[in-house]
Number of protein chains: 2
Amino acid sequence: MFLDTMVGMPYTGRIFPVNPKADQINNLTCYPDVSSLPEVPDLAVILLPKDFVLQSVQDLAARGVQRIIVISAGFRETGTPGTELEHKLLQLVETNHLRMIGPNCMGMFNTHPDVMLNATFAPAQPWPGHVGFISQSGALGVAILEFSKSLQLGFSIFVSTGNKADISEAELLEYLDQDDNTTVITLYQEGIDRPAEFRKACANIVSHKPILSLKAGRTSSGHRAASSHTGALAADEVITDAFLRQCGIIRCQTLQEFIDAALAFSRQSLPAGNRLAIITNSGGPAILASDALEKSGLQLASLQDGTIEQLRRILPAEAACNNPVDMIASAIHDTYKNVYTIVEKDSNVDIVLVIIVKPPTATSPEKIIEELAPTIQASSKPFFLVLMAASTDQSEFKLCHKYSIPVFSYPESAVAAIGKMWNYQQIKKQFSAVSPTCQPDRKQIDRNGLFDQASYAEIAKRCSAYQLPLAPYILTHELPDCIEFHKRFGRVVMKIANPQVIHKSDAGLVFLNLSDPGTITQAYNQLIDRASALLPSGVSPSILIQQMVPAGVELVLGYKYDPLYGDILMLGIGGILVELYKDVVFRVLPVNTQEIKNMISEVKGHSLLTAYRRLPAFDLEKLVQIIDRFSRLVTDSTDIVEMDLNPLIWSSNQPSPVIVDCRMTVQNPK
Amino acid sequence: MFLDTMVGMPYTGRIFPVNPKADQINNLTCYPDVSSLPEVPDLAVILLPKDFVLQSVQDLAARGVQRIIVISAGFRETGTPGTELEHKLLQLVETNHLRMIGPNCMGMFNTHPDVMLNATFAPAQPWPGHVGFISQSGALGVAILEFSKSLQLGFSIFVSTGNKADISEAELLEYLDQDDNTTVITLYQEGIDRPAEFRKACANIVSHKPILSLKAGRTSSGHRAASSHTGALAADEVITDAFLRQCGIIRCQTLQEFIDAALAFSRQSLPAGNRLAIITNSGGPAILASDALEKSGLQLASLQDGTIEQLRRILPAEAACNNPVDMIASAIHDTYKNVYTIVEKDSNVDIVLVIIVKPPTATSPEKIIEELAPTIQASSKPFFLVLMAASTDQSEFKLCHKYSIPVFSYPESAVAAIGKMWNYQQIKKQFSAVSPTCQPDRKQIDRNGLFDQASYAEIAKRCSAYQLPLAPYILTHELPDCIEFHKRFGRVVMKIANPQVIHKSDAGLVFLNLSDPGTITQAYNQLIDRASALLPSGVSPSILIQQMVPAGVELVLGYKYDPLYGDILMLGIGGILVELYKDVVFRVLPVNTQEIKNMISEVKGHSLLTAYRRLPAFDLEKLVQIIDRFSRLVTDSTDIVEMDLNPLIWSSNQPSPVIVDCRMTVQNPK
């Protein structure tokens with residue numbers, strides 16, 4: 001079967017089947033073993049039962065082969081014995097300086113005219129083109145190749161990664177980056193391995209070549225119950241999303257979006273702007289396309305008066321000459337060509353979308369495409385087609401492939417794909433301007449280890465070391481200290497500081513806005529009484545007395561160590577709203593100051609900090625500094641697992657936000 | 001052309017072409033005029049230039065014809081002269097007791113074996129089936145019929161509504177409701193006319209027949225600048241969405257969703273629950289399907305131990321026997337059948353989704369479908385198929401049509417369509433339990449008229465009449481009144497009440513939390529000074545002094561008169577958060593108390609009112625009463641255009657929320 005596929009594509013090199021039981025397979029001389037091969041192959045593909053794989057690798061190494069693909073399954077994916085076998089395989093690969101794709105994969109193909117190698121089980125031969133495709137699921141790879149036939153979506157290189165024992169996704173990305181025949185890289189991912197390496201590879205690529213990802217497996221795996229807001233809100237899915245964005249990857253939400261986007265990127269150049277003109281022979285689909293624009297970051301181009309004038313001269317009275325240009329149902333191929341030629345020249349137009357609904361019998365979609373093609377190819381503006389009238393033999397799709405026209409069945413699908421190209425245009429700029437900051441995960445936190453809630457004294461010590469502004473406070477168990485503190489700082493807050501006590505407000509262990517010695521004394525007595533009842537015997541109550549911070553914008557700044565991605569930073573609107581509106585954004589650390597600024601502007605409630613309702617805006621530089629210092633604190637401290645500064649209150653008359661409450665979970669060294 | 005189409009379908013009745021210039025058309029005797037017809041037709045279709053339409057209608061009426069379709073364009077859609085012509089046409093129709101579809105439409109067809117009439121310009125003959133389709137765009141109707149060919153989606157009745165001069169969408173809905181051959185009604189809408197009539201028709205239908213709508217035209221038209229939060233947030237799109245939900249309509253976001261849902265509804269019965277089992281020969285697509293479940297309101301069924309046991313016995317060791325059941329790539333038609341038979345019997349399973357990725361050469365999708373079909377047809381549980389390996393002749397789609405199996409190309413599309421069926425199952429219950437409340441719009445607000453901001457005294461008078469709880473207050477311009485008020489009510493708020501002054505807080509015209517005569521005097525003096533500078537000369541400052549309401553949950557309750565939908569109610573989280581998080585929900589009035597309760601629970605921040613952070617929950621009955629009274633106030637008062645109660649503060653120690661600030665825009669009677 002495998003050889004059938006390989007022979008089915010006109011491979012430009014020589015093929016040497018190896019099997020002791022045959023002299024010939026598919027008219028090719030078959031060799032009994034690797035040592036009897038007439039020359040050293042560039043690549044060996046192993047399709048043996050798992051127990052024969054190691055010997056075969058040894059033989060190949062002895063014969064001087066350096067690159068192998070192991071299709072065979074039965075390794076890490078099957079449990080402990082398989083994992084051991086894979087480990088031995090990898091050792092063999094490494095000691096012999098081989099490089100390996102797999103094991104447990106579907107192989108790879110390359111459609112470049114100089115190569116034409118199909119080393120996969122794919123039942124159909126791939127359509128040649130410029131989409132590079134790295135797939136974690138071999139079967140899904142096959143399914144997408146099947147689809148691509150009907151859409152005539154062409155691929156340059158396909159690799160099924162399998163268990164990624166040796167060659168990683170990041171290395172394959174770099175390989176596709178160097179391949180000139182690949183203009184867009186696509187990934188199907190179920191999990192992300194070695195994120196730091198992956199991110200570095202992406203960051204180097206996306207400045208000049210787009211990467212699309214279909215990331216599956218959104219259901220969150222059961223994690224240790226989180227003890228911070230950051231922990232609770234940092235669901236796998238949310239972090240993955242943040243991570244992929246930091247990689248500069250365009251994430252597709254569905255398989256169809258993924259295929260549509262690959263088609264668009266592989267056939268047209270990037271738009272210079274986001275102003276789209278629609279030319280149609282029916283109003284309805286144009287309205288549907290217009291409706292979809294905003295969500296995709298695009299806008300309807302305002303045609304210039306001259307353009308509208310020219311259109312009016314050639315179109316019937318019932319036609320709409322502004323954008324969308326509705327030529328009405330009578331439009332034939334000439335009409336399409338003439339209207340396109342006029343609209344394409346308008347300097348207010350960056351992108352042209354043409355819609356064809358079943359045209360009159362005097363013409364056909366093929367005729368329209370043939371008529372348009374020369375002008376499209378001469379234009380620097382990207383062109384997209386929505387064809388709602390394909391014939392049953394789908395001849396129009398073949399024609400669109402010939403002329404490199406991305407063609408879609410639905411108006412909304414076309415707009416979504418165009419939106420991704422515009423999105424990439426911005427990513428490209430961003431990644432060209434900033435060199436990526438990546439670092440390997442340095443923490444060694446044992447997920448099954450013991451964790452402690454740090455005391456306020458401990459948190460305060462660490463915050464001070466990084467100049468993080470805590471509200472003025474003392475920790476004490478003496479009333480006179482409290483009175484003394486009040487005399488110095490005015491209105492105060494008193495609460496129990498022992499980390500064993502949670503939900504302090506609900507337990508009546510927080511007293512706000514105390515303004516005289518009488519109420520302070522009262523609060524002190526109640527705190528001591530109530531806390532004594534709650535604390536384990538032998539633990540004496542510790543009272544935190546803080547200066548009362550005036551009401552203001554309440555922020556949350558949080559950190560969580562993630563076993564996969566490493567250090568995760570969270571910023572958002574805090575206080576009681578944090579769980580309610582989840583108005584928080586995430587980043588995988590490290591982040592530079594530009595990224596910190598982006599984070600601030602992504603928080604919906606950032607308008608509370610800027611020019612909201614004519615209040616004086618805050619100096620956001622101060623907040624950037626605090627976030628930066630907090631990031632250093634949490635990455636430098638190898639024992640911090642989770643940390644919340646919440647709320648971090650910024651009162652309108654204060655120069656900088658102040659930390660009013662905080663929690664910190666640390667690894668227990670025991 | 002039109003006659004070609006009609007003759008192309010085996011119409012069971014007689015056809016009489018009428019044209020003075022021919023004796024025969026398409027081998028049919030052609031009559032010179034209506035009066036010479038040999039019998040009275042049941043239906044007349046008019047395809048004349050617009051200037052001949054009226055005479056023709058007169059002739060038809062004289063001949064005794066009662067039902068007509070006017071295809072001809074050139075009426076209301078073309079401007080003033082066309083509108084006048086349409087008006088005359090309608091008068092003619094009414095005085096002669098005719099009923100008319102159109103003008104400016106594409107006609108209609110009916111595929112029932114007893115009828116078989118295709119009176120449209122559709123280039124292709126429709127596929128018979130059970131989807132009824134009412135389309136505002138004739139061309140989009142044609143486009144969808146074209147698509148439906150490749151999917152083999154069958155239609156019962158199609159009507160292009162055109163200008164809806166006589167027969168409305170609501171009447172067509174009622175007609176499709178009575179048609180037993182139609183099991184699902186679909187609508188393509190660009191605008192909604194006569195909403196009260198439409199809503200009433202829907203409410204009567206959706207208790208037993210589903211209605212799907214693709215509503216296009218989302219871009220908001222330029223409205224008069226809103227002077228209330230309600231006005232600003234009540235974008236056309238948001239109201240339309242609320243309205244369609246109140247109608248019990250399932251709204252589709254894209255054309256593809258619309259077609260997918262029509263296919264699902266027309267081929268399978270409704271699921272009894274939302275627990276879905278997935279059977280697949282490839283992991284990837286099953287993961288994509290699982291990822292999409294939550295968004296669609298579905299969940300993965302937990303297979304019973306017995307089921308898993310049985311599966312383990314028949315599947316290879318590498319297969320996954322829990323849900324999704326991954327039979328791996330070697331599965332053939334027998335495997336599909338056996339696994340389906342086991343899974344279908346599991347009482348934890350309500351719905352079965354089968355995925356086929358290119359199967360081994362020993363089988364084919366056709367064989368799998370043929371093998372599955374008898375068991376599917378014997379099962380009461382709805383069945384759906386994702387086929388990622390269709391052959392180029394699409395023979396599998398024909399087979400799926402034969403066995404009434406909804407088939408999809410993408411896993412996510414299938415899940416979205418199934419989710420809509422489950423959604424409808426709930427709508428059905430809801431609309432069976434509650435009789436709909438609808439009323440025609442009674443207000444006569446002139447959108448171009450003059451509007452006034454009502455004074456606080458006026459608002460207070462109206463609120464009191466409906467027992468809406470304003471915070472205790474007086475309006476005065478004398479300092480002693482303020483001091484007196486403070487003595488009675490304690491802490492107070494003072495602000496300028498003149499409606500001419502907006503952004504009071506920003507202008508320093510609000511003083512909060514005043515607790516002694518000294519600060520009250522100070523505030524009084526500043527208010528008078530600052531207001532005098534702002535107010536037009538001759539207008540004396542009016543001071544509103546209110547009891548200070550303790551901090552609490554801030555709500556907004558708003559109203560807006562909408563020229564199309566009539567009375568719109570808004571409820572949400574108020575104060576400064578209203579514009580920020582837009583956590584508001586809308587309803588077209590009237591609403592009953594159950595709907596008011598639904599509104600409260602749809603506000604995300606409703607958890608602030610219920611069991612948030614262990615605080616005692618509020619008695620929501622009080623809020624329901626206030627919303628109900630407010631609804632009556634705004635609908636009874638024919639001059640109110642917009643009204644905001646914002647904030648409506650509910651302090652945790654108060655039995656009921658209190659109105660702290662309000663705005664009201666009324667029509668100026670001049």
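**Before you start**

This is a predicted model: local features need pLDDT of at least 70, side-chain atom pairs count only at pLDDT 80 or more, and totals for chains, interfaces and linings use all residues. Residues are numbered from 1 along each chain as its sequence is written, chains are lettered from A and ligands numbered from 1 in the order in which they are written, and side-chain values use heavy atoms, with hydrogens and water left out.

**Stop 1: both chains**

Colour chain A and chain B separately. How is chain B superposed on chain A? A rotation of 180 degrees does it, with 0.1 Å of shift along the axis and an RMSD of 0.1 Å. The two copies are thus related as by a two-fold rotation axis.

Now look at where the chains meet. Of the interface residues of chain B, 98% are also interface residues in chain A, so the copies meet through the same surface. Contact here means heavy atoms within 4.5 Å.

**Stop 2: a parallel sheet in chain B**

Select strands E3, E4 and E5 of chain B. They form an open sheet in the order E3-E4-E5, with parallel pairing. Strand E3 (44-46) and strand E5 (99-101) of chain B stand at the edges, each with a single partner strand, so one side of each has no neighbour in the sheet. Neighbouring strands are turned by 25 degrees against each other on average, direction ignored.

Helices (H or I, at least four residues) and strands (E, at least two) are DSSP runs, numbered from the N terminus. Two strands pair if DSSP finds at least two bridges between them.

Zoom in on strand E4 (residues 67-70) of chain B. Three bridges join E4 to E5(B). Which residue stands opposite B:Ile68 in E5(B)? The residue is B:Met100.

Helix H2 lies across E3 and E4 of chain B, running at about 170 degrees to E3(B). Axes are lines fitted to C-alpha atoms, for helices over the stretch in contact, and angles run from 0 to 180 degrees between N-to-C directions.

**Stop 3: an antiparallel sheet in chain B**

Move to strands E20 to E23 of chain B. Four strands form an open sheet in the order E20-E23-E21-E22, and the pairing is antiparallel. Strand E20 (473-476) and strand E22 (510-514) of chain B are the edge strands, each pairing on one side only. The twist averages 15 degrees from one strand to the next.

Pick strand E21 (residues 492-496) and strand E23 (residues 543-547) of chain B. Five bridges join them. The bridge partner of B:Val493 in E23(B) is B:Gln546. Helix H18 (residues 517-534) of chain B packs on this sheet, touching E21, E22 and E23 of chain B. The direction of H18 makes about 10 degrees with that of E21(B).

**Stop 4: a mostly covered helix**

Select helix H4 (residues 138-151) of chain B. Is H4(B) mostly covered or mostly uncovered? Mostly covered: 11 of its 14 residues are buried. Among them are B:Leu140, B:Ile144, B:Glu146 and B:Phe147. Buried means under 20% relative accessible area, exposed over 50%, partly exposed in between (1.4 Å probe, protein chains only). Just after H4(B), B:Gln152 takes a positive phi of about 60 degrees.

**Stop 5: salt bridges**

The structure holds 44 salt bridges over all chains. A salt bridge is a side-chain nitrogen of Lys or Arg within 4 Å of a carboxyl oxygen of Asp or Glu.

Show A:Arg462 and A:Glu458. Their closest N and O atoms are 2.8 Å apart. They sit four residues apart in helix H16 (residues 456-465) of chain A, about one helical turn. A:Arg462 is buried at 15% relative accessibility, while A:Glu458 is partly exposed at 24%.

Go to B:Lys164 and B:Glu169. This salt bridge has its closest N and O atoms 3.6 Å apart. B:Lys164 is buried at 6%, and B:Glu169 is buried at 3%.

Finish with B:Arg245 and B:Glu602. Their salt bridge has a closest N and O separation of 3.7 Å. The pair links distant parts of the chain, 357 residues apart: B:Arg245 is in helix H8 (residues 236-246) and B:Glu602 in helix H20 (residues 593-602) of chain B. B:Arg245 is partly exposed at 47%, and B:Glu602 is partly exposed at 36%.

Terms used. Least-squares fit on C-alpha atoms with pLDDT ≥ 70 in both.
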